[in-house]
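Biologist: I'm new to this one. Can you put the structure up and walk me through it?

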Amino acid sequence: MPASEAVATQSKLGKQTEGKQKVIVVTLKKLLKNRLAVFGLFIIFIQILMAVFAPWITHYSPVTQSLVNSELPVGSENHWLGTDNYGRDMWSRIVFGARISLVVGLVSVILGLTGGIALGLISGYFRKLDGWIMRFVDLLFAFPGILLAMLIIAMLGTSLVNVMIAISIWSIPTCARIVRGSVLSVKKQEYIVAMKSLGAGNSRILIKHILPNCMAPIIVFATMRMATAILSTSALSFLGLGAQPPTPEWGAMIAAGQDYMWTSPHMTIVPGIAIMLVVFAFNVLGDGLRDALDPNMDLG
Amino acid sequence: MAELLLDVNNLVTKFKTADGKLSAVRGVSFSVNKGETVCIVGESGCGKSITSLSIMNLLPNNGEISEGSVRFLGQELTKMRQDELRKLRGNKMAMIFQEPMTALNPVFTVGFQIREPLKIHKRLSQREAHRKGIELLKQVGIPYPEKRMSQYSHELSGGMRQRVMIAIALACRPSLLIADEPTTALDVTIQAQILDLIDDLKEELGMGVIMVTHDMGVVAEVADRVMVMYAGEKIEEADVESLFSNPQHPYTKGLLKSVPNVDDRNHQLEAIPGTLPNLNEVITGCRFHNRCEFATEKCRTQSPKTFTVNDEHTVRCWLQEVEQHDESAATASSNQ
């Protein structure tokens with residue numbers, strides 16, 4: 001008897017996860033119909049592969065100098081993307097740079113989302129705190145984004161970790177606004193009043209019932225923000241505020257290549273293309289997700 | 001004497017608005033016994049829903065109970081702390097909402113939502129709650145309950161959703177069920193089924209039920225006692241037979257006349273002229289006087305007191321004074 005019961009509950013649980021999966025499957029199907037989004041997904045997938053398997057797909061260290069081989073052009077023997085002014089293999093540097101930009105992007109977006117979601121949920125739900133939190137957010141908004149990041153780095157010092165902190169703080173106000181807006185509309189819904197009438201407490205309602213209803217805009221925001229975060233990391237590194245040489249960061253690579261613009265243009269163009277492709281990929285994926293998650297959008 | 005479940009005394013609910021504090025409910029008193037269905041009737045905006053939300057203490061942020069008492073199972077609810085109230089809500093008293101379309105969370109399965117009250121109040125494990133959920137769905141007459149547990153609300157029909165709402169509300173076997181127009185959004189055949197269901201479950205669980213409605217047909221079907229509200233005040237209260245056979249207040253009479261009669265071909269629907277006054281209108285005297293065809297000078301200046309028609313039947317209308325005066329005069333003269 002117990003065995004058959006276990007099987008029964010197992011099949012029940014199986015059905016439950018099936019129900020959960022359905023939403024994801026529907027969204028994915030819609031997403032896969034969007035060609036640009038699929039292209040974005042493909043690029044991001046490649047970047048992830050590059051980041052994960054970096055040591056296995058490169059023959060040279062990204063930082064070891066080899067002055068004999070300096071400034072080899074694209075398509076050279078053993079260095080298909082060429083080398084830079086110190087003779088470092090460009091392919092190795094791009095691959096390891098993918099690692100850095102992905103990690104910095106992810107960490108800063110996750111940090112920013114955590115802060116933004118917490119502030120947004122609280123200010124949307126508790127009227128008394130709303131004014132205070134939103135004025136604080138306005139204060140953050142008052143600084144132009146990159147300036148705010150530079151200010152924070154100026155205070156904390158130049159390093160990649162500080163870049164992540166700076167970019168995550170920069171993400172907080174926008175995220176808080178987006179979440180607050182969704183909370184305001186969701187908390188008026190009858191099912192939230194119904195949950196209250198069942199005796200659920202504030203934290204339960206907020207985290208278990210309101211937050212999942214706000215996920216769609218948060219997911220889209222997170223994807224778009226990845227693009228901004230990667231671009232800003234490169235921008236800050238280009239200005240010398242982020243990754244320090246010899247770290248193979250794309251923005252820093254462009255900065256280093258500037259002086260060789262006329263003799264070895266690939267030193268700036270290759271990392272430039274890498275940044276462009278990844279930022280483009282995250283942006284179109286974000287667009288695709290927005291369309292796929294919007295129930296009012298019929299893609300046919 | 002039946003056991004007293006809920007006793008509302010002189011309840012006043014006010015809303016803070018740009019025009020100052022406005023009263024939506026003005027001194028309403030009533031009681032509900034165990035196993036009894038009390039209907040609150042009145043047109044839209046007369047304070048029915050606010051009365052029921054006041055009992056649950058679920059008023060919108062700008063609303064507050066400013067006077068009166070709500071005693072439930074001997075406990076005073078208006079002075080209770082939020083966390084104590086939460087233990088009662090969904091456990092001892094539960095509510096069903098008007099729109100089954102919006103009262104279920106669209107991002108969760110039916111199973112998730114039915115497990116929630118069981119987890120909150122009964123501290124059941126996932127598996128126990130799941131089993132209990134299936135049982136509850138079966139009880140409210142939902143076919144294939146195992147399958148429904150993993151479905152989302154958009155996959156169910158309106159009647160089915162309302163059954164799910166009822167199952168969720170009844171999950172912890174409450175002693176009081178407040179149903180805020182539970183059938184308004186449903187078509188007529190489903191309406192009858194849902195009303196029967198609530199009635200059966202009431203018998204089974206010995207609940208008290210407060211049914212908020214504007215449909216006199218529903219009242220006739222389910223009510224034991226009826227309370228008629230107008231512009232935030234209780235204007236008439238009676239047992240259901242007495243109210244239908246012998247309505248006293250002109251507003252109640254108007255409500256009964258505005259129900260279509262299918263048996264009588266020549267039946268003319270009579271609407272009550274005018275509309276409900278705004279919350280910020282200052283009205284002296286009876287709040288119904290400017291829509292009442294029998295209004296006298298007294299009605300315009302003095303607020304009517306409560307007259308007793310019989311043990312179960314009270315009404316707030318100055319016309320009673322005249323009638324009761326006439327009656328006593330008549331009995332006096334016949335005695336002579």
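Biologist: Which residues have the most contacts inside the largest nonpolar core?
Modeller: B:Leu6, B:Phe30, B:Leu176 and B:Ile210, in a core of 172 residues. A nonpolar core is a set of buried Ala, Val, Leu, Ile, Met, Phe, Trp, Tyr and Cys residues joined through side-chain atoms within 4.5 Å. Buried means under 20% relative accessible area, exposed over 50%, partly exposed in between, with a 1.4 Å probe and protein chains only.
Biologist: Which helix gives the largest share of this core?
Modeller: Helix H4 of chain A, residues 90-125, with 14 residues. Helices are DSSP runs of H or I, at least four residues, and strands are E runs of at least two, numbered from the N terminus.
Biologist: How far can I trust the model?
Modeller: This is a predicted model: local features need pLDDT of at least 70, side-chain atom pairs count only at pLDDT 80 or more, and totals for chains, interfaces and linings use all residues. Residues are numbered from 1 along each chain as written, chains are lettered from A and ligands numbered from 1 in written order, and side-chain values use heavy atoms, without hydrogens and water.
Biologist: New topic. What is the strand order in the open sheet of chain B?
Modeller: S6-S7-S8-S3-S9-S10-S12-S11, which is 8 strands with mixed pairing. Two strands pair if DSSP finds at least two bridges between them.
Biologist: Which strands stand at the edges?
Modeller: S6 (93-96) and S11 (306-310) of chain B. Each has a single partner strand, so one side of each has no neighbour in the sheet.
Biologist: How do S9 and S10 of chain B run?
Modeller: Antiparallel, joined by 6 bridges. B:Arg225 has B:Asp239 in S10(B) as its bridge partner.
Biologist: Over to chain A. At what angle do H2 and H4 pack?
Modeller: About 105°, with axes 8 Å apart. Axes are lines fitted to C-alpha atoms, for helices over the stretch in contact, and angles run from 0 to 180 degrees between N-to-C directions.
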